[in-house]
Structure formats: structure tokens, C-alpha cells
Amino acid sequence: MSYEPYLPATDMPRFVGELADFVGFDDAEAATVRRTAPLVLAREAALTAALYEHFLKFPASARFFLGADGEPDRVRIERRRHSLARWLRETAEAALTHEHAYYLLTIGLSHSHRPQGPVVPAHFMVGAMSLTQSALADAFAAELPPAEALTASRAWNKLLLVHLAALLLGYLPPRPG
């Protein structure tokens, strides 16, 4: 068995596919994500609102969502919530397609290479993913029998960490791996 190094962002489907294989995200896990998607999507508005309210609690993350007057920029937050909800809906499809792989890279680049305002630090991307994973685990625990909740949490966690790796590529200097 041999491995040919490449720049991940030049072949996102390969990168995402290899990582999905590495973490054990397979067809059964994808089916679990799709089967539990209605539970997640029913909480879309609450999940996105909670995440942005959480950001506003901490000065280091709130600064990305404040207006010139120092108050929360509700229009900007609503746009960001809309984008987050789109990502959540697309994630619920559990499709690691060519288009979706590059969509994830685009999101990472949009957070790390901003034409105006500060760049969102990578550790906030990691933190946001952790908050999302925790919220989903709580939702599954509230709605599903324990064994199903664990299965759903595991599947979503694997998928979200594949997404996180793709998002973080936007922050890294290119180098073959």
C-alpha cells in the first residue's frame, strides 16, 4: 500500500473521503445522520440562536458580532444564523460530495480570510463545533432511547469532525501531507 502526498484543498473530495474512512464514518453512520436529521432540524432556530448568544457572552468572540456602537449587530447575527442553518441542513444530508467538500473549504476560507474586519480565530471554529456536538447530544438524549442517542451522537460527531477538518484547511498554509 502506498500513499501519494497532495495538497488537501486541491482535492477536497479525496481529503474528506480519506478522513471519513479514517474516523469510521461509513454508509451506516450516514444513514443514522439522515434518520436523525428531523430531530436536529426541528431545533435549527434554537440551536443557531443559542450558538450566537453564547458567542455574545465572551468579549473575544462577541467582537465579531458587535456594531460600531458596541451593541450586538442583530442584522449581521441574523445573516450568520441563516448561514449556519444552511450548513446544518446540508450537514443533515450526510453527503460527502465533491460540491459539499468545496462548500466546506469555502466556509473555512470565509472565516479565515475576511476582506473587512478581524479574522475569526481557528479556536473559535473548534469551540463552535464542540458547542454544536454538545447541543446535538443533548437533543438526542432528550428524544431517543439511550442506545439510539449514543449511536446518533457518534455518527454526528464523526461527520462534524470531518467537517471541522475541512473548515480548518482555510486557516492552514498549503503543504503536501
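How many positive and negative side chains does the protein chain have, and how far apart do the centres of the two sets lie? There are 17 positive and 19 negative ones, with the centres 5 Å apart. Here Lys and Arg count as positive and Asp and Glu as negative, leaving out His and the chain ends, and each charge is placed at NZ of Lys, CZ of Arg, CG of Asp or CD of Glu.

This is a predicted model, where local features need pLDDT of at least 70, side-chain atom pairs count only at pLDDT 80 or more, and totals for chains, interfaces and linings use all residues. Residues are numbered from 1 along each chain as its sequence is written, and side-chain values use heavy atoms, without hydrogens and water.

View 1. (Rings of Phe, Tyr and Trp, using its six-membered ring, pair if their centres lie within 6.5 Å; planes under 30 degrees apart are stacked, over 60 edge-to-face, the rest tilted.) Tyr52 sits in helix 3 and Phe65 in the loop between helix 4 and helix 5; helices are DSSP runs of H or I, at least four residues, numbered from the N terminus. Both Tyr52 and Phe65 are buried, meaning under 20% relative accessible area with a 1.4 Å probe, protein chains only.

**View 2. A ring cluster.** Ring pairs tie Tyr52, Phe55, Phe64, Phe65 and Phe124 together.

View 3. Phe140 belongs to helix 7 and Trp156 to helix 8, 16 residues apart. Phe140 and Trp156 are both buried.

How values were computed. Helix = DSSP H or I, 4+ residues; strand = E, 2+ residues; numbered from the N terminus. Buried < 20%, exposed > 50% of the residue type's maximum accessible area, 1.4 Å probe, protein only.
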